[in-house]
Each structure stands twice: as structure tokens, then as C-alpha cells.
Amino acid sequence: MKAPETMEKQRKHLQRWLAEWQLDLSLGDPSGSAPELWRPRIDFSAEPGPAPGHIRLWPARSSGDEPCYGLLLSGGYGRWRVLPFSGFSLPATPGEWRLRREGPLRVLQIWNLREITGPGAATSWWAETVPTADLFPLEAYLTAWKAGEIPESTPPEQVGPPLIHPLDPRHEYLEMEFERVDRALGELEAAADPGPGLDLAAESPPEYPDP
Amino acid sequence: MEKVESDVQGNGPQLAHWQVWRQCCALGRMPDGERGVLIEFMGNRFLTVVRRMNRPEVLQRMPPPRDRAHAFEIWCALHERREGKRYKDWLLTRGDRQLGAVESGVSLLMRKVVREWVAVEFHRHPQLSLEAPLGDPDFNLKSLLPAPARHELPSETRDWQHNNLSGIVSGMTRLQRICVSARAQGRVLSDPRVCATANAGKTKLHKAYREWIQQLGESIRSAFPDLTEEESLHFTLETLHKVEKAIFFDFSAEKPLSIGCKEP
């Protein structure tokens with residue numbers, strides 16, 4: 001059972017995150033008119049090649065989007081994993097990890113991880129490199145989170161509170177962020193796994209005769 | 001209180017001003033004339049975003065244009081070195097690389113600059129209450145992060161679940177089943193794979209999902225009017241998980257649910 005002090009911390013954390021979310025919504029849509037899709041033609045040949053721990057900036061492919069910052073992790077077989085950064089100061093869910101406390105890039109979206117090709121990783125600007133020592137706990141958490149576990153040693157403020165209610169406003173945030181990153185990195189992605197279950201859910205179950 | 005300036009650009013910046021800005025690395029290193037033009041522009045864009053909030057107390061504490069422009073530069077840079085200011089490379093290579101593209105890019109970035117400024121200046125200690133409704137009267141912080149159940153639910157709830165699960169699943173439309181299945185897999189409903197499977201857009205999927213969840217909650221509340229709000233929520237979530245499992249296991253194992261699924 002969750003300790004009362006952990007519950008209290010999580011509620012305060014969520015309260016702060018929701019305040020930021022509501023503030024964000026109050027600022028309205030900056031783009032105004034319907035966004036235009038772009039195919040950026042930028043020469044990245046002078047940039048250092050992709051490396052694990054790089055924070056890189058991918059240009060937006062829509063006139064309504066900011067560019068997309070992401071952290072590169074090795075994906076094996078010439079591919080790269082990109083953890084996009086959230087624009088918020090606190091992690092929204094257990095799928096987000098606080099990398100730093102200050103500056104515009106504080107929270108990583110583990111749940112929004114994308115796997116991209118080598119050339120896709122290279123079509124970006126290198127901005128900074130995260131020290132290897134900071135990547136170890138992140139990789140460990142990433143592995144545990146993918147397995148559906150949250151290590152007990154994880155400090156409550158390091159990741160976001162659980163997402164329990166099916167109509168939680170954070171679902172709207174997840175949808176928006178998924179779409180934003182999809183627009184920025186979608187075309188660069190390696191072949192995506194369609195995943196099991198959806199096709200099955202879409203089918204009508206076979207009708208069986210009554211026994 | 002500072003006089004609020006007009007948002008009219010007048011003799012605004014030219015593309016060359018922005019190029020000088022990128023080369024000089026910071027407003028503080030630019031020649032006075034060009035710097036003044038950019039400070040005025042950034043200050044006005046900051047003001048435009050603040051005005052959208054329609055909060056007089058925020059407008060009254062507006063910092064001078066120089067500080068607004070400074071806030072923009074400080075916030076957008078990851079660090080002091082040139083590679084920490086790659087957002088400038090993005091601004092100057094946006095779209096058709098003309099002045100309009102640079103200026104609309106500044107507006108996009110300004111949104112977060114203003115949000116951060118307001119958060120620090122006005123929202124250090126948010127006043128949300130645990131019981132206050134959050135957009136929807138049906139939920140608040142307590143319902144989003146409910147405390148663990150303190151005691152067992154009445155045995156009738158188990159019987160109700162056992163007797164009604166098949167009916168609940170068989171009453172679901174194809175879209176509702178796909179939505180529940182997608183969420184159970186941790187997918188968002190706007191995932192192109194979800195939309196393609198459903199052959200429907202995200203708005204339609206959201207509506208279908210929301211309506212179904214509300215319907216489930218209402219069925220439980222009307223069947224068990226004596227449950228507390230907390231108990232009712234726990235029971236709804238528990239039933240939702242059973243429905244997710246029923247959809248996944250029964251369908252994927254091709255086991256009969258002894259029901260026919262209603263088509264939309």
C-alpha cells in the first residue's frame with residue numbers, strides 16, 4: 001500500500017502540474033491560422049554526428065510547431081532512440097523523467113520514445129551532451145518502466161504521479177504531445193511495430209451456437 | 001504601473017536585424033540601433049501573448065520591453081555557448097526563410113517564455129483545492145489520485161460485475177472496444193495506428209470513449225446508490241480493467257464470450 005506521505009506528495013505534484021497545464025491552455029493557440037506543412041531543406045553537414053547523450057534540435061515540419069528537442073540514446077543496428085523533452089517543468093506521469101530542475105529542457109517523455117534511423121538522427125542540430133553518469137539512472141528507469149514497474153527507490157518528484165482516471169486531463173496532454181512529436185519526427189521513424197490487440201479488438205467475436 | 005504600449009509594429013525589424021542578432025550571439029552585443037528594434041519587437045510579442053490570457057493583474061505587472069526581450073533570450077538558450085542557442089538557427093531557416101517566418105517563429109517560442117514568467121511570478125503556490133472540480137464536475141484531484149480502498153466493497157458488487165460483464169462488453173460498439181483496448185495498451189487515441197484500425201478520427205474516438213466511460217459510471221451509480229463517491233470510483237475502475245481484460249483475452253484467444261458483439 002502506498003504510504004500516506006507519498007500520496008500527499010503525488011497529489012501536490014499533480015496539483016502543480018495541472019496549474020501549469022491550465023496556464024498553458026489560457027495562453028491560447030499561437031499559430032492562429034491553419035498550420036502549413038514544411039519540408040525543411042537545411043544543411044546539417046557541419047554538425048557533429050549523432051552520439052548517445054546528445055541533446056539535439058529537430059526543425060519543425062509544420063508552421064504551427066516549435067522545433068523539437070530530444071535526447072539521443074543508442075538504439076542498436078544503426079538506429080537511435082529519441083526521448084523528446086516536455087515543455088513543462090514537472091513530469092506529468094510515471095512515463096516522464098525529470099532530468100533537471102532548471103532551464104527550458106527539464107523533463108523527458110519516456111512514454112513518447114521514438115526510434116529513428118541514422119540519417120533521421122543526423123538531420124538535427126547538436127545543442128548539448130548529457131553526462132554519461134546522468135544517463136545510467138535514466139536507462140535503468142526506462143527499462144523498468146517498459147516492463148511495467150516503477151522501482152521503489154524512485155523519488156516521487158523524479159517522475160510523475162500515476163494516471164488512474166480514464167478521463168484525467170493528462171490524457172489530453174499526452175494526445176497533444178504525441179501528435180507534436182509525430183509531426184516533428186514521424187517521417188524519420190524506423191519501421192514501427194503495429195502492436196498486438198487492436199486488430200483483434202476491432203473484429204466482431206465469432207458467434208458460437210448455444211450449447 | 002507601466003504604460004502598456006501599442007502592439008503596432010511601426011518600423012519593425014528587417015531580416016538583416018535578425019541575422020545580425022544570430023551573428024552577435026546576444027542582444028547585448030548588437031549595435032544600439034538594431035538592438036532597439038528587436039527589443040521593441042520582442043517586447044510587443046510578449047505583450048500580445050500576455051493579453052491573450054485576459055488577466056489584468058498580470059498586465060499590471062508587465063516588465064519593461066528590455067526585460068521582456070531579455071527573458072526571451074535567457075529562456076530560449078540552453079547555455080551560454082553558441083550551440084546552446086540553436087533555436088536561432090531554427091528561426092532563421094524556418095519555412096521560406098523570410099521575415100514573416102522568423103517573426104512567427106519568435107511568437108511560437110514566446111508562448112513558453114510568457115508561461116514560465118507567469119508561473120514564476122504568479123503561480124509559485126497554486127491554489128487548487130483537492131475537492132475543486134477540474135474542468136469537468138465529475139472529477140477533482142481526489143478522484144484523479146484516489147486513496148487506496150480502505151475496505152472491501154459489498155459482496156453484491158462482485159455479483160453485479162459477474163452477472164453484467166458479458167452484457168457490458170457485448171453492448172460496446174466497435175469504436176468503444178478499440179478505444180478501451182488502445183488505452184489498455186498505453187496508446188493515445190490519436191495514434192495513427194489506432195485511427196487506422198478504427199477508420200475514424202481522434203475526435204470521434206474521444207467522444208466514443210468518453211461516452212462509454214460516463215455510461216459505465218452511471219450504470220454503477222444507479223445500481224449502487226449507497227456507495228460513496230470514492231467507492232464508486234474504485235468499482236468503476238475495477239470494472240474497466242475487467243472489461244479491458246475481457247476484450248484482450250477473449251478476443252485474442254478466440255474464446256467465445258457467449259455473446260455477439262454489437263456492430264456500430
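Mentor: From the N terminus on, chain B runs α-α-α-α-α-α-α-α-α-α-α-α, that is, twelve helices and zero strands; helices here are DSSP runs of H or I with at least four residues, strands are E runs of at least two, and both are numbered from the N terminus. A word on the ground rules: this is a predicted model, in which local features need pLDDT of at least 70 and side-chain atom pairs pLDDT 80 or more, while totals for chains, interfaces and linings use all residues. Residues are numbered from 1 along each chain as its sequence is written, chains are lettered from A and ligands numbered from 1 in the order written, and side-chain values use heavy atoms, leaving out hydrogens and water.

Of the 264 residues of chain B, 49% count as buried (under 20% relative accessible area, with exposed over 50% and partly exposed in between, using a 1.4 Å probe and protein chains only). Among contacts (heavy atoms within 4.5 Å) between residues of chain B at least 6 apart in sequence, 64% join residues at least 24 apart.

Salt bridges, where a side-chain nitrogen of Lys or Arg lies within 4 Å of a carboxyl oxygen of Asp or Glu, show up inside the chain too. E238(B) pairs with R158(B), with the closest N and O atoms 2.6 Å apart. Because E238(B) sits in helix 12 (residues 229-252) and R158(B) in helix 8 (residues 155-170), the pair ties together parts that are 80 residues apart in sequence. E238(B) is partly exposed at 26%, and R158(B) is partly exposed at 33%. D89(B) and R86(B) form another bridge, at 3.3 Å; being three residues apart in helix 5 (residues 86-92), they are separated by about one helical turn. Here D89(B) is buried at 17% and R86(B) is buried at 12%.

Now for the partner. In chain B, 78 residues are in contact with 71 residues of chain A. The two chains bury about 6700 Å² between them, 64% of it on carbon and sulfur atoms; buried area is the accessible area (1.4 Å probe) lost on putting the two parts together, summed over both. Seven salt bridges cross this interface. R106(A) forms a salt bridge with E116(B), with the closest N and O atoms 3.0 Å apart. On the chain A side, helix 1 gives the largest share of the residues touching chain B, 13 of them. Finally, E20(A), D24(A), R111(B) and R115(B) are linked in a network of salt bridges.
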